Amino acid sequence: MEFNANRRGFIKGAGTALGVAAAAGAAAALYGMKRTWDPLPSAVTAGITEVNLDGMQPGEVRTVEFRRKPVFILKKTDAMTPNAKRDIMIGSDRYMIAVGICTHLGCIPQWYSAEAKFKCACHGGEFDASGANVFGPPPRALEIPPFKINGTMLTLGEESDEYKKLAKTA
Ligand code: FES
């Protein structure tokens with residue numbers, strides 16, 4: 001009897017230790033994901049992500065987290081084809097801002113700077129520097145998230161007039 005009671009205690013203790021280790025692992029994974037996705041100074045509160053775009057260089061791509069999804073921010077170079085239906089202007093600079101989830105089956109595309117394309121490894125889909133689908137099975141362009149611009153501050157999660165205009169045409 002005593003052996004069984006001790007054994008139960010041991011099993012219960014081991015289970016608790018495993019639970020703590022799993023929780024610590026999950027927290028570490030989330031922290032790592034946040035660091036990878038969110039290299040720009042940003043603040044996330046109640047479904048709103050704020051990002052200061054000051055200092056981004058032409059051709060630079062950053063990824064931030066918005067409502068548990070990656071959002072790509074690309075400051076376009078002069079060599080990248082303008083797209084009036086999708087480009088977001090900040091002063092004279094053009095930006096592409098899009099949810100980084102493939103519109104085919106939801107994988108996360110990667111940026112290939114030499115080709116100026118986002119490529120999806122799952123089924124070979126490709127999106128250009130404006131986020132438009134240009135090759136493979138994706139049926140439509142990358143989604144533009146609701147946004148507002150104030151100076152160099154980008155707020156994801158607020159629907160500005162500019163967002164509404166792009167959302168209608170993109
Ligand atoms: S999920 Fe991206 S091409 Fe299929």
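## Surroundings of Thr 152

Thr 152 touches Asn 52, Leu 53, Asp 54 and Ile 90, leaving aside residues up to four places away in sequence. In this predicted model, Thr 152 sits in the loop between β11 (147–150) and β12 (153–156).

Thr 152 is partly exposed because 14 other C-beta atoms lie within 10 Å, a count between the limit of 12 or fewer for an exposed residue and that of 20 or more for a buried one. Thr 152 and Met 56 are separated by 96 residues in sequence, and their C-alpha atoms are 10.0 Å apart in space.

## Strand pairing around β6

Strand β6 (residues 93–99) runs antiparallel to strand β4 (residues 69–75), and 5 bridges join the two. Within this pairing, Phe 72 has Ala 98 in β6 as its bridge partner.

Strand β5 (residues 88–90) is also antiparallel to β6, to which it is joined by 3 bridges. Met 89 stands opposite Arg 94 in β6. The strands β5 and β6 form a hairpin with 2 residues between them. In the turn, Gly 91 has a positive phi of about 65°.

## Overall architecture

The protein contains 2 helices and 12 strands. Along the sequence, their order follows the pattern α-β-β-β-β-β-β-β-β-β-β-β-β-α.

Of the 170 residues in the protein, 22% are buried. Among contacts with a separation of 6 or more, 42% are accounted for by residues 24 or more positions apart.

Technical notes
Residues are numbered from 1 along each chain as its sequence is written. This is a predicted model: local features need pLDDT of at least 70, side-chain atom pairs count only at pLDDT 80 or more; totals for chains, interfaces and linings use all residues. Helices (H or I, at least four residues) and strands (E, at least two) are DSSP runs, numbered from the N terminus. Two residues are in contact if their C-beta atoms, placed from the backbone, lie within 7 Å. Two strands pair if DSSP finds at least two bridges between them.
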